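Here is a short briefing to read alongside the structure. Please keep the viewer open as you go through the points.

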Amino acid sequence: MQFRPLARPITEAMIASQFGVGRRIVRQTSRILRQRGILMPRRGGNGLGGLWTLPPDISGTVSCIHAELDLGSGAGRQAFDEAAQWLLPSLDDRHDPLAEFIRLLLTAPDTPRLQHGQGHRPQNLADWLAGRLLDELALSHDGNGALGPLADIASDYGVSLEVAVEATRILSDAQKVEVRRGRAGGVYASNTGPGRGLHITNAYLSASSVSTDDCREVLDRINTGMIEIARQRRTAEGLDRIRHSFSLMQNAPDGTNLGQAWYGFIRDIADMASNPVMHFLARSMASSILMRRTRSAELPDAAARELLAASSQILKHLDDAKAAPVVAAQSRCQKALENYW
């Protein structure tokens, strides 16, 4: 599935009519898509005014990822250096969009963090309030990152409830906050990882016609690197989680469930490797492959058995076995999934 810009704009009226929703929902949805860098509003007559699709450029994509990873400390620099060590040598002779994207991404950002809510209010109150709420979360000493009910937020900042809702949606789409319902309901800091970064990366890869084969080649290298780093940083607790994930694969009732459990297995390895840059890149490559290559909702038993056998070799390698062929095993995992997921 390739990203193709529309030859003409879409309007809020068209969206409302086609999907049978109100203008308020359409405005909130279009704001989310603008935040993701997918739509751009333009003014004008003769059919030129409205929302136009906007293929993401490489610098904007990388800036978005850097901002979401927010790795300004020494540990963050180490994460970029480790990723560069594993990925850049294999890209020395390549100058395609994917190679250029990874080179730019692995240049650790030196720019200061964005300043959000200082100064006078801009015309867009929802953007202003979203920035203020981010500042409040950054300064909060509350362990659960509570911002309070929407009505209290609106009252505290002197805005309407609609503005508070829209600001919360902006932050929710960026996976900075979540809205909880019930007696302890309200707006809370989100513990989830990067969200918009994945969306805009997938759009960039598709718009740049990066092939699934190229994504898989990079993903092989990333996963091999994370396995080796996890092996170096292994802990008893981390190994226990990985063994548990592997046991879920062993006890899966069918091939499809085994394949789904494999993603938990590889995610636990990434957690023990503790390199957010490589983990983000792995998720980006894997999701781009899945969106464009998936041919079946089910994983056949033969592919599942190969996935389990290769994962067993990876687990032995993490347990410090002397002759576990981890590079080949990781490649076997991707090959087992290749014709299906």
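This is a predicted model: local features need pLDDT of at least 70, side-chain atom pairs count only at pLDDT 80 or more; totals for chains, interfaces and linings use all residues.

Helix 10 and helix 12 pack with their axes 8 Å apart, and a search of the whole structure finds 0 disulfides.

**Helix 10 against helix 12**

- Two packed helices are described by the angle between their axes and the distance between the axes.
- For helix 10 (residues 212-232) and helix 12 (residues 255-273), the angle is about 55° and the axes are 8 Å apart.
- Helix 10 and helix 12 are therefore oblique to each other, and their crossing is left-handed.
- Helix 10 makes this contact through Asn223, Met226, Ile227, Ile229 and Ala230, while helix 12 brings Ile266, Ile269, Ala270, Met272 and Ala273.
- Sorted by class, the contact of helix 10 with helix 12 holds 9 nonpolar residues, 1 polar residue and no charged residues.

**Cysteines**

- A disulfide is a covalent bond between the sulfur atoms of two cysteines; the search of this whole structure finds 0 of them.
- Cysteine 215 is buried, at a relative accessible area of 0%.
- Cysteine 333 is buried too, at 1%.

**Serines with positive phi**

- Most residues other than glycine have a negative phi.
- Serine 209 has a positive phi, near 60°, and sits in the loop between helix 9 (196-207) and helix 10.
- With 53% relative accessibility, serine 209 counts as exposed.
- Serine 274 also has a positive phi, of about 55°, and lies in the loop between helix 12 and helix 13 (276-293).
- Serine 274 counts as exposed, at 51% relative accessibility.

Key
Residues are numbered from 1 along each chain as its sequence is written. Side-chain values use heavy atoms; hydrogens and water are left out. Axes are lines fitted to C-alpha atoms, for helices over the stretch in contact, and angles run from 0 to 180 degrees between N-to-C directions. Helices (H or I, at least four residues) and strands (E, at least two) are DSSP runs, numbered from the N terminus. Angles under 35 degrees count as roughly parallel, over 145 as roughly antiparallel, 65 to 115 as roughly perpendicular and the rest as oblique. A crossing is left-handed if the near helix is turned anticlockwise from the far one by less than a right angle, and right-handed if clockwise. Contact means heavy atoms within 4.5 Å. Ala, Val, Leu, Ile, Met, Phe, Trp, Tyr, Cys and Pro count as nonpolar, Asp, Glu, Lys and Arg as charged, and the others, Gly among them, as polar. A disulfide is a pair of cysteine sulfur atoms within 2.5 Å. Buried means under 20% relative accessible area, exposed over 50%, partly exposed in between (1.4 Å probe, protein chains only).
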